[in-house]
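Reader: I have the sequence and the model open on my screen. Please take me through them one question at a time.

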Amino acid sequence: MILVSDIHISVITSGGLDALWQALHSDPDKLLVIAGDLTQIASTREYQRMETFLLGIIDKGCSLILTPGNHDFGGCFFEYVLCCASVAAKRRYRRLHMRLLDALERSPSPSPSPLPFSVLYQREFDTVARAGPHLFVTLRTHHPCFCMPGLATEHQADWARECLADLERRGALKDTPHRHLVTHHSLWKGPGDPHMRIRYFGRLIAGVLEPFAFTSCINGHNHRFAVKARPVGTAGRTVLHVQLPTLSNRLHRHSGPPGFVAWVLGDMPRLVDPSPSSPGVGTELKVTAESSTSL
């Protein structure tokens, strides 16, 4: 599967979408996971451009997992200063989200995804979806007020736990041994991360990650690639924490190179160079991760 975040489409790195499309075309799973910040300023033009690209990859038989980022709801002015999402930006994202879900459900492509895909539960901008042996829980995280870390609410954590418990009661969890939590903000703060971790992250660990044996947590927002095994609970379990780089030119001193991540389970996630001058899509870049472990 291909993992990407912080596309910031109006300032995307040169050749970024072409490289992403080429990587998806070569990906055996035909599965794209986006951890937020499709846009830079949540403009109509940016949403139209992303809609064209994403509907195009769905039409070619790819599956899509998506959660919004703070820029998709108006950026820092609305979330940091006004402490709310832009009404217009929220409406644009909702329209995009519903169109993508409808396209995934209709699946008109003559070449369907190699992984059977279905959205099992949906609530506002949060989803629980299945792609073959993978189960994805996506939760929108947001900034509740100025200088405060990202937040997934108690209601969101309860909703996710109830959905997973329902799947467990019906015996459906056994068919999805690879379980992933996708958020824009991180549950942990590592060296070099410019942003704070999610507030009340313990409710997600205790209510979702530990009891339902999640494989990984995937996030963006920090604009840097890092992979680390994180302990969850008291039974010695770990999840693989995968932080995604930006695919844009919005870099800070800890960012590292822009790109996206290719991950075949059983191997380690690897950073892919999107530049047109690279030897080819799939080129692995040397990065400094906090630490790493294979599954």
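Reader: Where is the place of T39?
Author: This is a predicted model, in which local features need pLDDT of at least 70, side-chain atom pairs count only at pLDDT 80 or more, and totals for chains, interfaces and linings use all residues. Residues are numbered from 1 along each chain as its sequence is written, and side-chain values use heavy atoms, leaving out hydrogens and water. Helices (H or I, at least four residues) and strands (E, at least two) are DSSP runs, numbered from the N terminus. With those names in hand, you will find T39 in the loop between β2 (31–35) and α2 (44–59).

Reader: Is T39 buried or exposed?
Author: Buried means under 20% relative accessible area, exposed means over 50%, and partly exposed lies in between (1.4 Å probe, protein chains only). T39 has a relative accessible area of 0%, so T39 is buried.

Reader: Which residues is T39 in contact with, leaving aside its neighbours within four places in sequence?
Author: Contact means heavy atoms within 4.5 Å. On that basis, T39 is in contact with H8, I9, E46, Y47, H71 and D72.

Reader: How many residues of the protein chain are buried, as a percentage?
Author: The protein chain has six helices and 12 strands. Of its 295 residues, the buried share is 54%.

Reader: How do α2 and α4 pack, and what is the angle?
Author: Axes are lines fitted to C-alpha atoms, for helices over the stretch in contact, and angles run from 0 to 180 degrees between N-to-C directions. Angles under 35 degrees count as roughly parallel, over 145 as roughly antiparallel, 65 to 115 as roughly perpendicular and the rest as oblique. α2 and α4 are therefore roughly parallel to each other. Their axes are 10 Å apart, and the angle is about 10°.

Reader: How many charged residues are in the contact of α2 with α4?
Author: T44, Y47, E51, L54, L55 and I58 of α2 are among the residues here, facing a set in α4 that includes R92, R95, R99 and L100. Ala, Val, Leu, Ile, Met, Phe, Trp, Tyr, Cys and Pro count as nonpolar, Asp, Glu, Lys and Arg as charged, and the others, Gly among them, as polar. By class, the contact of α2 with α4 has 10 nonpolar residues, one polar, and, as for charged ones, four.

Reader: Which residues have the most contacts inside the largest nonpolar core?
Author: A nonpolar core is a set of buried Ala, Val, Leu, Ile, Met, Phe, Trp, Tyr and Cys residues joined through side-chain atoms within 4.5 Å. Leaving aside neighbours within four places in sequence, L54 is in contact with L32, I34, L38, L64 and L100. The largest core has 56 residues, and those with the most contacts inside it are L32 and L54.

Reader: Which residue in the turn between β4 and β5 has a positive phi?
Author: β4 runs antiparallel to β5 (residues 126–131), joined by six bridges. Along the pair, Q122 stands opposite T127, and Y121 has V128 as its bridge partner. The two strands form a hairpin with two residues between them, and the one with a positive phi, about 55°, is E124.

Reader: At what angle do the axes of α5 and α6 cross?
Author: The axes of α5 (residues 154–169) and α6 (residues 201–209) come within 9 Å and cross at roughly 10°. That makes α5 roughly parallel to α6. The α5 side of the contact is E154, A157, A160, R161 and L164, and the α6 side is R203, L204, G207 and V208. To come back to your angle, it is roughly 10°.

Reader: What covers the buried residues of α6?
Author: The buried residues in α6 are F201, L204, I205, G207, V208 and L209. What covers them includes α5, β7 (178–182), β8 (216–219) and β9.

Terms used
Pairing = 2+ DSSP bridges.
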